Each structure stands twice: as C-alpha cells, then as structure tokens.
Amino acid sequence: MDLLNIIKDAGVIGAGGAGFPTHAKLTSKAEYLLLNGAECEPLLRVDQQLMMLFPDEIIRGMEAAGKYIEARKAIIGIKGKHKEVIVLLRERIAALGFSNYMEVMELRDIYPAGDEQVLVHELTQRIVPEASIPLKVGCVVINTETALNIWRALAGNPVTETYITIAGDIPQRMTVKVPVGVSIRDVIEQCGVQDIADYAVIDGGPMMGSVMNDVEGYVTKKSKGYVLLKKDHFLIRKKSVSLNRARIIGKTACEQCRMCTDLCPRYLLGHNMQPHKVMRALSYNLDDVKEQQIAQLCCECNACELFSCPANLHPKSVNILYKQKLAEQGIRYQPIPMDFQARSARDHRLIPSKRLVIKIGLSAFDKPAPMKQVEFRPEYIRIALRQHIGAPATPVVGIGDQVKAGQMIGKIPDNSLGATVHSSLDGTVIEIKDNSIVIKVGSYV
C-alpha cells in the first residue's frame with residue numbers, strides 16, 4: 001500500500017484549523033514541503049512540546065510526505081525563541097541523514113506567523129495569490145502533529161488521540177494527550193478549577209477560537225486548546241458580541257482610520273484585503289459589490305478586531321457578515337491575475353507576539369503548560385463523523401457492535417472529500433445519530 005492510502009486509511013487530517021484531509025493535500029506535486037511549527041496563537045504549547053518529545057517521528061513523517069510529493073526541499077518553520085527545540089531538530093536531522101533535504105528555519109515572533117500564507121512568504125519569500133492556496137506557488141503545508149500522525153500511520157496506527165493545551169486563568173496549565181471523543185468537560189476538569197460556572201471557555205486559541213456556549217461537547221482530531229478565563233475578562237466580553245451587535249456598533253462608530261487595513265497580514269502581503277473599506281460599505285450602505293467582495297479575502301486571524309482597531313470595533317465580524325451575504329447571493333471574489341509583492345511597509349507593521357499578549361490581557365497567564373500524563377477513563381465517548389473539511393464519514397458499524405481502539409468506525413463516502421474515523425477506546429456502540437457515534441467504554445453492554 002502506498003503512502004497516500006496509508007494516510008487515508010489512518011484518518012490523518014490537519015491537526016488544528018479546519019482539518020483538511022491530509023491524503024487530499026498530498027495528491028499534487030510541489031517544490032517545497034513546509035512544516036508549520038509556528039504555533040502563533042498565544043498560550044498554546046502543543047507544537048513546541050511535540051517537536052521536543054518526538055523529533056525523529058516528526059522528521060521522518062515529514063520526510064515521507066515530502067518525498068511522496070517530490071518536493072526538492074522540506075523546511076521546518078519554528079519561532080527563533082524556541083532555541084532548545086531548534087538545536088534538537090537540527091541535531092536529529094543531521095543524525096538521520098536528511099541534512100541535504102531538510103532544514104530548520106527560524107521565524108520571527110509575530111502574529112500570525114502560523115497563517116499558511118504568511119508562513120509561505122516567511123520561509124520561501126513567495127506570495128500565495130489572492131483567494132488561492134500554497135500549492136499555487138509550489139508549496140504544501142502541514143503542521144507538526146500532522147507530520148507525527150503520518151509517521152504513526154506508517155507504523156499502522158490510525159489517528160485516535162490528539163494533544164491539547166489547557167491554559168488561561170487557571171491553577172494548573174498543562175498539555176495532555178486525549179483520546180478523541182472524550183468530553184470537553186472531562187478535559188478541562190484536569191486544570192484544577194473548582195467551579196467551571198465562573199469561567200468562559202474558548203475553544204482553540206485566544207485569537208481565532210470562539211467562546212463556547214457550554215462545555216458539553218467532545219474532543220475531535222483537530223482540537224488543540226481550551227483557554228479558560230473569567231467571564232468578565234476583556235477577551236470574553238469582546239468575543240461574546242453577536243454579529244448583529246457588531247454590525248450596529250461598526251455602522252455608527254467607524255472613523256475610517258484604516259488601522260485595521262494597515263496592520264492586516266494579508267494586505268501586507270499585497271492582497272486587496274482592506275477591512276476599512278468593508279466597514280465603509282457598512283457605514284454608508286454602499287452597494288458597490290467590489291468593496292463587499294474583498295471581505296472574502298479575510299483569513300479571520302482577528303488581528304484587526306483584537307489588536308489594530310483604536311475604537312474597539314469589530315472589523316473581522318463585519319467581514320464575516322459580508323461573507324455570509326455574498327455566499328447567499330452566490331457571489332465570489334474574482335482576483336486579478338498579477339505578480340503579488342509584499343508592501344514596502346510590511347516589516348515595520350508586523351505584530352509582535354508580546355505586544356499582542358499584553359493588548360488582549362493575557363500577560364499574567366502567558367506561562368508554560370508542560371506535558372502531563374493523564375489517564376482518561378470516560379464512561380462514554382462520542383466520535384464525530386465530521387471532524388474535517390468535506391463530507392461526514394459513513395458509519396461502518398451498527399448499534400450493539402463491539403469495537404476496539406483503533407478500529408475504523410466511519411469511512412469516506414464514495415467520490416467525496418473526507419476522512420475516516422476510528423474508535424479511540426474499546427467499547428460497544430450504543431447510538432448513531434447527529435453525525436456521531438456514541439460508544440460505551442470498557443465492559444461490553
């Protein structure tokens with residue numbers, strides 16, 4: 001069986017973000033394979049620790065993927081501040097005999113260094129065109145845990161676990177390995193908080209993650225972090241503003257200072273993403289479709305909303321509103337073919353991570369979250385059939401079936417983009433509905 005089918009059967013997806021199926025990403029040839037180890041979201045600590053704990057596995061998984069797509073070079077992008085990890089990776093690359101093929105490049109400590117298009121430019125000096133993907137400029141990007149999962153797939157192990165950082169205003173910050181399907185409540189209870197009712201929980205990083213309505217959900221393969229903050233914290237209050245409320249505030253208060261545009265990561269790469277123009281269209285009820293269409297270029301990094309805007313408005317939320325409006329009308333941004341160049345002011349407008357952490361009120365919580373061994377013993381697990389971009393997996397088990405950890409329980413629908421899913425623990429299937437499979441763990445029922 002070739003690498004692509006091994007990865008496909010193991011259910012490897014982008015470990016974080018949208019969860020794009022990795023086998024689909026590796027179907028095209030590319031000049032560069034880039035490993036995104038930037039981990040630019042404040043407080044999250046997964047990637048840096050995985051590279052320290054599993055350097056050989058990550059390097060070998062990356063090498064296998066790079067050779068499969070016939071990349072002439074594989075590059076690991078990691079922030080220069082992680083000096084011990086960088087030294088270790090370079091030592092192991094040399095020891096494994098990959099020095100002529102693979103290198104570690106140090107990234108500046110900026111936000112969002114982990115944005116795919118920012119990463120491509122920082123590592124190769126190439127610029128992904130508007131509304132396009134890294135493959136357009138000869139690059140394929142995977143992240144650290146995905147490379148690790150590729151290597152594990154080669155060893156016959158499907159994706160049944162993920163690594164999660166629990167951080168924020170809590171007694172015990174930690175990173176833990178969690179079986180997919182465990183309840184989020186079980187995970188965050190490890191952090192020492194006595195009464196979760198006093199807190200709000202951000203699913204993901206503090207910049208791009210969203211505030212959860214409740215904590216009754218379940219861990220998926222792309223879960224990467226939970227940030228707990230008191231409900232009156234600035235970040236929680238800002239993220240809890242509804243889209244309609246953001247529209248009303250933006251419509252009445254935007255002064256067109258254009259700071260949101262001047263610091264926009266995609267604008268600085270030469271794209272036509274200009275949030276202040278979208279805000280203008282909102283304020284003056286402009287019907288110019290061109291100004292509305294640029295909202296579709298927004299990567300939703302939230303830099304405009306949580307860092308740039310001096311009036312504390314919601315440019316990213318307004319972009320989302322216009323994205324929804326344009327999608328309803330079936331209108332898509334049509335980029336003009338051109339050779340994109342980074343704007344001359346870019347190097348002077350990058351957002352330092354430390355300044356960002358201060359601005360969003362997280363300095364007191366920007367501390368290590370060391371890897372901790374936790375044995376989860378849930379009574380039930382719920383495995384989502386859609387943990388990825390594409391169609392949900394099709395169940396291949398029925399109610400009453402006994403399953404083992406690592407057993408495939410959902411396959412990719414025919415002729416569809418998708419990913420397989422597997423049981424993370426032994427047990428018995430007791431429910432299949434709402435695009436998920438519930439398994440009673442342990443002794444069979």
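Modeller: Leu 417 counts as partly exposed because its relative accessibility is 31%. Buried means under 20% relative accessible area, exposed over 50%, and partly exposed in between (1.4 Å probe, protein chains only). This is a predicted model, in which local features need pLDDT of at least 70 and side-chain atom pairs pLDDT 80 or more, while totals for chains, interfaces and linings use all residues. Residues are numbered from 1 along each chain as its sequence is written, and side-chain values use heavy atoms, without hydrogens and water.

Colleague: Where is Leu 417 found?

Modeller: Leu 417 lies in the loop between β15 (408-411) and β16 (421-422); strands are DSSP runs of E, at least two residues, numbered from the N terminus.

Colleague: Is Ala 393 buried or exposed, and what is it in contact with?

Modeller: Ala 393 sits in the loop between β12 (380-384) and β13 (394-395). It is buried because its relative accessibility is 5%. Contact means heavy atoms within 4.5 Å. Beyond neighbours within four places in sequence, the contacts of Ala 393 include Gly 410, Lys 411, Ala 419 and Val 421. His 276 is 117 residues from Ala 393 in sequence and 40 Å away, C-alpha to C-alpha.

Colleague: How many disulfides does the structure hold?

Modeller: A disulfide is a covalent bond between the sulfur atoms of two cysteines; the criterion here is a sulfur pair within 2.5 Å. The structure holds 0. Cys 264 is in none, and the nearest cysteine sulfur, in Cys 301, is 6.3 Å away. Cys 264 is buried, at 11% relative accessibility.

Notes:
Helices (H or I, at least four residues) and strands (E, at least two) are DSSP runs, numbered from the N terminus.
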